[in-house]
Amino acid sequence: MLYPKPLKQGDLIALINLSSAVPAERLELSIEAVKARGFQVRVYDSCKQKYYNFSGSDAQRAKDFEDAFCNDEVDGIFCIRGGYGAARALELVNWDRVKMAVCRNPKYFSGYSDVTAAHVALNEICKLVTWHTPMPSTEYYKPLDDYTETYLSASMREQPIRNIINPNGVSIDVLVSGKAVGRLIGGNLSLVSAAIGTDFDMDTKGKIIFLEDIEEPSYRIDQMLVQMKQSGKFDDCTGVILGAWTDCQPNEGDMPLDVIFEDIFKNLGKPVLRNLRCGHCLPTASLPLGAMVEIDNGTIMILEE
């Protein structure tokens, strides 16, 4: 795997959008938030446009993604927000061109939620370690709490946080005990499950899978996890980390998440952790997708390579 170059003061950040349109009132706030971190900013057209609910056409979003990686003036790439649409754009990307650019100049790439589609593609196709982090127009257009800020800022530096812990007073729960090592992959469950059987499917063999989601009724979480289980994703992995499940409540008569997780994972025969504060929540951790990780009962350690 290729690790991105750490960012430094004065570096040029490409602000791009693969997904839903940015609310007009948040664009300038997002730009200023990135500048406040000491970076120069190049705002790509996908941050400014609207095509139905998308941030420009599929072709525009794909072009901005591709150009940001291929422009040697750009030091890092921040997705300004998530929503919906990344998968539509990514199929239009010239991945041979992006892969060559990544090999020549591996750049810091960040975002989460719908950006999961890009994380998986960059991890799988380009062998680039990417960062699951909050985004400018979703979270840090306004000040962040200390925990979130610490993890986000550290992700951009040469020495990121390696011992991943929850905020004070919040435990990481052990659903299935044990120890496992593997590359960390995944992100938003809806995106991961939707990609099964496509060119952007996630190879879970020997990997540790991280999953989270938001505003999905519990039966939909069950449906997507069953799809992953029946397609062999959990057979191939070495372990699972379950993050935040924000507003994922059962409809009347449906199974709650605790029961669903027990049914899916209890007899998996490999370690499973839950309640990592990462996903559609604040405070939230930042995670290096594609990096080597060790889980040992309730601990999560990013390994040096």
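Start by selecting T284 and G279: a polar atom of the T284 side chain sits 3.1 Å from the backbone nitrogen of G279. That falls under a polar contact (a pair of N or O atoms within 3.5 Å; within protein, one must be able to donate a hydrogen and the other to accept it, and residues adjacent in sequence count only if both atoms are side-chain atoms).

Before moving on, note that this is a predicted model, where local features need pLDDT of at least 70, side-chain atom pairs count only at pLDDT 80 or more, and totals for chains, interfaces and linings use all residues. Residues are numbered from 1 along each chain as its sequence is written, and side-chain values use heavy atoms, with hydrogens and water left out.

**Stay on T284.** You're in the loop between β11 (272-274) and β12 (287-289); helices (H or I, at least four residues) and strands (E, at least two) are DSSP runs, numbered from the N terminus. T284 counts as buried because its relative accessibility is 3% (buried means under 20% relative accessible area, exposed over 50%, partly exposed in between, with a 1.4 Å probe and protein chains only). Show what T284 touches, leaving aside neighbours within four places in sequence: P134, Y147, T148, R277, C278 and G279. Contact here means heavy atoms within 4.5 Å.

**Next, N53.** Jump to the loop between β2 (40-43) and α2 (58-70). Is N53 buried or exposed? N53 is exposed, at a relative accessible area of 57%. Beyond its neighbours within four places in sequence, N53 is in contact with S20 and A21.

**Now two helix pairs.** Select α4 (residues 95-104) and α5 (residues 116-125): their axes come within 11 Å and cross at roughly 70 degrees. Axes are lines fitted to C-alpha atoms, for helices over the stretch in contact, and angles run from 0 to 180 degrees between N-to-C directions. So α4 and α5 are roughly perpendicular (65 to 115 degrees; under 35 is roughly parallel, over 145 roughly antiparallel, the rest oblique). W95, V98 and K99 of α4 make the contact with A121, L122 and I125 of α5.

Finally, bring up α8 (residues 218-230) and α10 (residues 257-265), whose axes come within 10 Å and cross at roughly 10 degrees. This pair is therefore roughly parallel. On α8, pick S218, I221, D222, L225, V226 and K229; they meet L257, I260, F261, D263, I264 and F265 of α10.
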